[in-house]
Amino acid sequence: MKKRFSIKTIIWLWISVALAVGGAFMLWPIGQGFADAFFIGVKMCMVSGLLVLIISKMDSGFLLWAVASALAVVMTLTKWNYDGSGSFMMVSSIFVDIFMPVIAYVMIHGDYLRTKRAEQQPAASQLKK
């Protein structure tokens, strides 16, 4: 069965791409050389995972995005620690990194169930026979 995403899910995923890229610019730099390089890698994994999910609809794209989002939360907390104080931007970044993948999972699972049900129901032309 080929996966099909609803328009609502696709829009949600593209918004997630925009927020991942925007978050990278807002939180940059972390403050330490290694942490900065790791942060760039995490954000690249987030965007790559999202693009794989949107374009090829492969589960591995979601997995990469979800793991990278969890690491992004750790990196945001690291930046918070280096800065010595938090900000609304950091809290909202953590919120986005946790809930965007969770809501996307629910939407993708719902799309899968709708597609599966539609394929299992006989077509109207078959019912008349």
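Visitor: In which helix is the place of Ile98?

Guide: Ile98 sits in helix 4, residues 88–120. Helices here are DSSP runs of H or I with at least four residues, numbered from the N terminus. Before we go on, a word on ground rules: this is a predicted model, where local features need pLDDT of at least 70, side-chain atom pairs count only at pLDDT 80 or more, and totals for chains, interfaces and linings use all residues. Residues are numbered from 1 along each chain as its sequence is written, and side-chain values use heavy atoms, with hydrogens and water left out.

Back to Ile98, which is partly exposed, with a relative accessible area of 39%. Buried means under 20% on that scale, exposed means over 50%, and partly exposed is in between, using a 1.4 Å probe and protein chains only.

The whole structure has 5 aromatic pairs. In one of them, the ring centres of Phe62 and Trp65 are 5.8 Å apart and their planes meet at 90°, so this pair is edge-to-face. The rule is that rings of Phe, Tyr and Trp (its six-membered ring) pair when their centres lie within 6.5 Å; planes under 30 degrees apart are stacked, over 60 edge-to-face, and the rest tilted. Phe62 and Trp65 are both buried, and both belong to helix 3 (residues 59–83), 3 residues apart, or about one turn of the helix.

Helix 3 also holds Leu64, which is partly exposed at 34% relative accessible area. Apart from neighbours within four places in sequence, Leu64 is in contact (heavy atoms within 4.5 Å) with Cys45, Ser48 and Gly49.

Next, the charged side chains. A search of the whole structure turns up 3 salt bridges, each needing a side-chain nitrogen of Lys or Arg within 4 Å of a carboxyl oxygen of Asp or Glu. Helix 4 has one of these: Asp111 pairs with Arg114, with the closest N and O atoms 2.7 Å apart, and both residues lie in that helix, 3 residues apart. Asp111 is buried at 3%, while Arg114 is partly exposed at 47%.

In helix 3, Lys79 and Asp83 are 4 residues apart, about one turn of the helix, and their side chains form a salt bridge at 3.6 Å, N to O. Asp59 and Lys3 meet in another, at 2.0 Å. That pair links distant parts of the chain: Asp59 is in helix 3 and Lys3 in the segment before helix 1 (7–27), 56 residues apart.

What about a charge without such a partner? Lys43, in helix 2 (residues 33–56), is buried yet has no salt bridge, and the nearest side chain of opposite charge, Asp97, is 4.2 Å away. For that count, Lys and Arg are positive, Asp and Glu negative, and His and the chain ends are left out.

Key
Helices (H or I, at least four residues) and strands (E, at least two) are DSSP runs, numbered from the N terminus.
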